[in-house]
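Thanks for coming. I will go through one model today, beginning with a sheet and ending with the chain as a whole. Please have the structure open.

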Amino acid sequence: MQAQYQPAEVERAAQAAWKASGAHRAVEQPGKRKYYCLSMFPYPSGKLHMGHVRNYTIGDVLTRYHRMRGLNVLQPMGWDAFGLPAENAAMANGVPPAKWTYDNIAYMKKQLQSLGFALDWEREIATCRPEYYKWNQWLFLRMLEKGIVYQKTGVVNWDPVDQTVLANEQVIDGRGWRTGAVVEKREIPMYYMAITRYAPQLLEALDALPGWPERVKLMQANWIGRSEGVNLAFPYTLDGQRQLLRAFTTRADTLMGVTFCAVAAEHPLASRAARDNPALAAFIEECKRGSVMEADMATMEKKGMATGLAVEHPVTGEAVPVWVGNYVLMSYGEGAVMGVPAHDERDFAFANKYGLPIRQVIAVEGESFSTDVWREWYADKTQGRCVNSGRYDGLGYQAAVGAIAADLAAKGLGEKQTTWRLRDWGISRQRYWGTPIPLIHCEGCGVVPVPDEQLPVVLPEDCVPDGSGNPLNRRRDFLHVACPKCGKLARRETDTMDTFVDSSWYYLRYACPDNPGAMVDERVNYWLPVDQYIGGIEHAILHLLYSRFWTKVMRDLGLVSIDEPFANLLTQGMVLNEIFFRREGPRRVYFNPAEVEVAVDDKGARTALTLRADGLPVESAGIGTMSKSKNNGVDPQALIEQYGADTARFFMMFTSPPEQTLEWSDSGVEGAYRFLRRVWSFAQEHAATVRAAAGAFEPRDAVLRREVHALLGQASYDMERKQFNTVASAGMKLLNALQESAAEASAAALREGLGVLLRVLYPVTPHLAHVLWTELGYGADITLSPWPQVDQAALVQDKIELVLQVNGKLRGSLLVARDAGREAIEHAALAHPGVLRFTNGAVPRKVVVVPGRLVNVVV
RNA sequence: GCCGGGGUGGCGGAACGGUAGACGCAGCGGACUCAAAAUCCGCCGGGGGCAACCCCGUGAGGGUUCGAAUCCCUCUCCCGGCACCA
């Protein structure tokens, strides 16, 4: 090999060797401990982005490290291949989503291979292949049989100009991204998966996941959102009918403070009231404009209008006016809420805005209530007592809820209830590029499931969406089908499934991707659960929750034996970069940071942002996650081509810890490259010595060996806690130490130290480590060598340094014997000139001795 | 708005509640060179001091502790999620 580091040559050689030996193939070996290391599969957007490089390098480091620890490791890869971007690309270029997707997969696969990941490519899957999505359809039908899938209406964003359903992403400031038309809410029939039925399990099982980050479990728990309260009813008489308005509340203790009720715009009571009230009808129409996103709902101005109708208070029988509120969601609970302005901040603002009465029914001692200003304690249920509440006066929260619930129950107007924030999962998408929902609509027989033997319902791959709705609706060869029941001409369902369906079980299919006859088989029991799952923090809730749900459904269907799919989870921080754009009408056109010239003054402050191509200004939208839609990604390909895969991998690991967000910056890549070049040169320079080394360690090796083993200890510790940036820096420190001692160290110590360095680096920079390992005669194949062991004997020191503090401030240091007693240490510390200077001879009030670390003298 | 996370030199970051700034990037000075690149050596939070050394310093303010970047409270800014982006 060359004296100079040639990454292209090194990487070609190493990858050829791995290919020849089948080093990355995973084979079931009953009895051997397995380690299933899985990174979230990519959407084939065109080319890899930095987030992928980060994600898959983390996975590869863990894979290679655990192979060194003797585990049977599976690391597969595949493609989350259905989705909206393929349709957007079709609209832009006229290329069918299928072709675009397959081309992207081919290119990205090459990129992944060039990075040298230890992936078992024989298990590759793509969710857009019929062999895969057949099982989406098959399980959908099983869930339909079990009643876990059902139909009801759902609200979608409707673009009135393009006459099409828009994704939330396609709604910008309440308008359609292509047409600029004000988006409307529209109710359409959809299929739902009853994830709420699993809500208690999904919540409780979080406790059985010690390998998950607390923050993710907390987010999931809050998302599932168990709350205990009372489902109560306000009776009313309308059109001669005695009826009930139902509402759920966690604050039944404030029931006596109800001064109004608010219902959603879609609520039957609202529609009834609007019949002979044009102003109200207009208001309801207004509520139906705008997006369906929760964030928009939460930040919009709270508006309401009286219906003119009233219901009866369930305890007092008093008339309570009913309002329509734009902030009340039909999809939450009963689509109606009781208004208690005195003790709910939103109701307080609403009542003050519309002049509704505010009635205080909770008091806290020493606090005075005012209808003018909201104060936090108004809503505090921990220290309040009921007032102005008749027979409930004086009761605390729990007692009042109990008493009121009991009274309501006696009247048949309410009962205690546990509700969940979690809503059922609507999986219907009015889009082409997804899994066809396997149903047939027959005029005579209604909705008929496609028989199992006719699966998969194959999606035609030559459609080109044009933005005017699902092209499947114009494909007669797809639409027209004989009804499986009566044989008459019927129509296929053209809605496709949410792509979260695809990603909810792909990790199971990696165990048995070649099985045409079953969704999963025996091999799933060997490999699952996933021992280490790695992916972006942005998936902390939805993808992970849906996957947990599917696993439980499959368990209940007897298909798998596990309860939870992912034993350990590493949530990688996002890779961020600045976002640049120009406004063009209602749209934003984004420019890649590489195309933007940032002018600065001599203090480094920005003076101008211009596009290189035309010299005209662009705007910055701040910093955000690298994404195709914001066009702020950095192409890792240039990095790989210029410096090689090992540099790209090393830099990604070195630059920040895995869980932390990473703001992209090019500087530092040079440093990583320089380091690998130094490793290479050092190895070449000492190759002869190291190859021939046979002797024993010399006494003069003590300093180097202590350092090598201390650094190895640190690297091992950091590898276990997955803090790879300090593993990388341990590698740098190892090289520094070796270079400093190279002249005086024995050949044996040099050989040991370099051997440790190569194995510490191997998971991160496998190509370089592989080639040098073989070349320096360490053994046949580094992929088969174990992780090195710390030699405890090399760490022992005769004297240790203690830090001296006076009142917690550093005042010097003290060298003491390893086994010095507390009294001797205290004595020496008090006699130390640095300490004496600050104690002024005074008798210390206290002396804190932390063995092996420090002495703190308190005066 | 709600839920979750974060803020440490010019920059990325390090630091079982125990020497803040390891390791690296950038910068500055030097060696080598006709010169440059590469490489090597040194300096590198702010202030004061000839020096020994001292004071200040981990987004802001308060608290707990012998001792706080680390634990607690309040605030602030940034990032992620909010159910049809994946």
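Start with an open sheet of 4 strands, in the order β2-β1-β26-β27, with parallel pairing. At its edges stand β2 (72-74) and β27 (569-572), each with a single partner strand, so one side of each has no neighbour in the sheet. On average, neighbouring strands here are turned by 15° against each other, direction ignored.

A word on terms. Helices (H or I, at least four residues) and strands (E, at least two) are DSSP runs, numbered from the N terminus. Two strands pair if DSSP finds at least two bridges between them. Axes are lines fitted to C-alpha atoms, for helices over the stretch in contact, and angles run from 0 to 180 degrees between N-to-C directions.

This is a predicted model: local features need pLDDT of at least 70, side-chain atom pairs count only at pLDDT 80 or more, and totals for chains, interfaces and linings use all residues. Residues are numbered from 1 along each chain as its sequence is written, chains are lettered from A and ligands numbered from 1 in the order in which they are written, and side-chain values use heavy atoms, with hydrogens and water left out.

Back to the sheet. Strand β26 (residues 532-536) is joined to β27 by 4 bridges, and the two run parallel. Opposite Ile-534 you will find Leu-570 in β27. Across β1 (34-39), β2, β26 and β27 lies helix α2 (residues 50-68), running at about 170° to β1.

Now a hairpin. Strands β13 (residues 304-312) and β14 (residues 319-325) run antiparallel and are joined by 6 bridges. Ala-306 faces Trp-323 in β14 as its opposite residue. Between the strands of this hairpin there are 6 residues, and Gly-317 takes a positive phi near 80°.

How many helices and strands does chain A have? There are 28 helices and 37 strands.

Last, confidence. Over residues 601-605 pLDDT stays under 50, and the model has 3 contacts (heavy atoms within 4.5 Å) for them beyond four places in sequence. Where pLDDT is low, the predicted coordinates should not be read in detail.

Note on methods
pLDDT is the predictor's confidence in each residue, from 0 to 100.
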